[in-house]
Amino acid sequence: MKTQVAIIGAGPAGLLLGHLLKAEGIECVVLERQTPDYVLSRIRAGVLEQVTVSLMERLGLDARLKAEGLIEDGFNLADGERLIRIDCLGLTGKSVVVYGQTEVTKDLMDAAPGRGLTVIYGAEDVALHDIESDSPFVSYLEGGVAKRIDARFIAGCDGFHGPSRKAIPASSCRDFERVYPFGWLGILADVPPCNHELIYANHERGFALASMRSHTRSRYYIDVPLTDRLEDWSDERLWDELAIRLGPDAAAGITRGPALEKSIAPLRSYVFEPMRHGSLMLCGDAAHIVPPTGAKGLNLAASDVLYAADALARFLIRSDNDAIAGYSAKALARVWKSERFSWSLTKLMHRFPEDGIFERAMQIAELDYIASSVAAQTSIAENYVGLPV
Ligand code: RFL
Ligand code: PHB
């Protein structure tokens, strides 16, 4: 098969890119290792910045997002004693939207056939070849049969564990990593949220987050040692712990219910440079990971894809070489700022095992400063709603 852009990975980055390229009249094919059901069963992000909402709007795929998404004008930082409200709308004029990554992916998936976007699910042993040439290709197995897609570009949208990043020679790249000494244990349940806005809590027993997917579906997290296993956390034990860490006011609003999903995700900060090598462009988690504390991962994937689609259109339609050359620096400039914000919010809101009383005093001082300073709240708000693209 021959196409202009071979996209590896049908997560939000790959599907968004596929739709944007198709809308420009650029031929592309998306290759995904898993089945559609498996992709939709991964419960991940919940908070969308304007950049992600705008892309869905631009594609004309925002009907359900508009109807079902919850507009959040602010969120809260809790420190065991008080709730510090960050008034995003008042401070920046912008809000975020609560709409699950699963729903974004479903909307993109459902629209693919109607828009002529080919997505091949169950593609095994995907491998990249000749990425330093102008005629790279991807090989894979479909139902045990060897196949090949020749393209002008390959877009690596295959997440942190995919093969794309690893295809770039070590001599041409460098990476930056911080692994955190805890994971997030998440629970999804069909119960009303305890609060209409998100609450991030730093309690002496650890971190907690109260989030949601709708007025009737809640998503909560606590941080746990990486040695904990899911079997250690019955639903009851998790609800008890959430009630303690979120504090009495939020606890009074918690409705308990059976877990629809429960999982533990490790936390990591990671950046890979450059985000393009030859004819391979990386987008989303394939190139960078943020800890979920700032709700930035999916939104960074969206901004990468916006830049990548623009660069590919300029090159393939208007023969503008500079666009491709500038992609990595443009994307990384936004990535690093989101890395900084996610890292700083993670440091502020979690109790690190290695921290002593000095680090704790710094957290208290910073929370005090945020509580008393409109400038500090504005800085947090502008990062949370998303820096300009
Ligand atoms: P994905 O979603 O991992 O998709 C990559 C796709 O590539 C496929 N793939 C392959 N395909 C073919 N061949 C191979 N060899 C392949 N290897 C992998 C995979 O099957 C998959 O379908 O990456 P993408 O598209 O870059 O999207 C990134 C986001 O998924 C991620 O950044 C967010 O989920 C992060 N995140 C959050 N982001 C936000 O913006 N807001 C949030 O509120 C938020 N909360 C979260 C999160 C991530 C979490 N976890 C579990 C890591 C909360 C959690 C708990
Ligand atoms: C979620 O609802 O899954 C969620 C919300 C905010 C975050 C991370 C995850 O910072």
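**Contacts, pockets and backbone**

Reply: To begin with ligand 1, a polar side-chain atom of aspartate 285 lies 2.7 Å from one of the ligand's oxygen atoms. The model is a predicted one.

Me: What makes the pair formed by aspartate 285 and ligand 1 a polar contact?

Reply: A polar contact requires N or O atoms within 3.5 Å. The polar side-chain atom of aspartate 285 and the ligand 1 oxygen are separated by 2.7 Å, so the pair qualifies. A side-chain N or O atom of asparagine 299 is likewise placed 3.1 Å from an oxygen of ligand 1, and a backbone N or O atom of proline 12 is found 3.3 Å from an oxygen of ligand 1.

Me: How much of the area of ligand 1 does the protein bury?

Reply: Ligand 1 taken alone exposes 1000 Å², of which the protein buries 88%. Helix 1 (12–23) and helix 9 (297–318) each give two or more residues to the shell around this ligand, and helix 9 provides the largest share, 3 residues.

Me: Which residues are the closest to ligand 1, and how do they divide by class across the shell?

Reply: Of the 31 residues that surround ligand 1, the closest are Glu32, Arg42, Gln101, Asp285 and Leu298. The shell comprises 14 nonpolar, 10 polar and 7 charged residues.

Me: What lines the second largest pocket?

Reply: The second largest pocket holds about 310 Å³ of space. It is lined by 15 residues, and Gly100, Glu103, Leu188, Arg213 and Arg217 are the closest to its centre. By class, the lining has 5 nonpolar, 4 polar and 6 charged residues.

Me: Why is histidine 277 called buried?

Reply: The term buried applies under 20% relative accessible area. Histidine 277 has a relative accessibility of 12%, and therefore counts as buried. This residue belongs to strand 18 (residues 276–277), and its side chain makes a polar contact of 2.7 Å with the side chain of glutamate 132.

Me: Why is aspartate 125 called exposed, and why is aspartate 130 called partly exposed?

Reply: Aspartate 125, in strand 9 (residues 123–129), has a relative accessible area of 58%; the term exposed applies over 50%, so aspartate 125 is exposed. Aspartate 130, in the loop between strand 9 and strand 10 (137–142), has 47%, which falls between 20% and 50%, so aspartate 130 is partly exposed.

Me: Which peptide bond is described as cis, and where does its proline lie?

Reply: The bond from glutamate 273 to proline 274 is cis, with omega near -5°. Proline 274 lies in the loop between strand 17 (261–273) and strand 18.

Notes
Residues are numbered from 1 along each chain as its sequence is written. Chains are lettered from A and ligands numbered from 1 in the order in which they are written. This is a predicted model: local features need pLDDT of at least 70, side-chain atom pairs count only at pLDDT 80 or more; totals for chains, interfaces and linings use all residues. Side-chain values use heavy atoms; hydrogens and water are left out. A residue is near a molecule or strand if one of its heavy atoms lies within 4 Å of it. A polar contact is a pair of N or O atoms within 3.5 Å; within protein, one must be able to donate a hydrogen and the other to accept it, and residues adjacent in sequence count only if both atoms are side-chain atoms. Accessible areas come from the Shrake-Rupley method with a 1.4 Å probe; for residues, only the protein chains shown count as cover. Helices (H or I, at least four residues) and strands (E, at least two) are DSSP runs, numbered from the N terminus. Ala, Val, Leu, Ile, Met, Phe, Trp, Tyr, Cys and Pro count as nonpolar, Asp, Glu, Lys and Arg as charged, and the others, Gly among them, as polar. On a 1 Å grid over the protein atoms alone, a cavity is a set of points where a 1.4 Å probe fits but cannot get out, and a pocket is an open set with protein on both sides within 12 Å along at least five of seven lines; lining residues have an atom within 4 Å of a point. Grid points are joined across faces, edges and corners, and a volume is the space filled by probe spheres set on the points. Buried means under 20% relative accessible area, exposed over 50%, partly exposed in between (1.4 Å probe, protein chains only).
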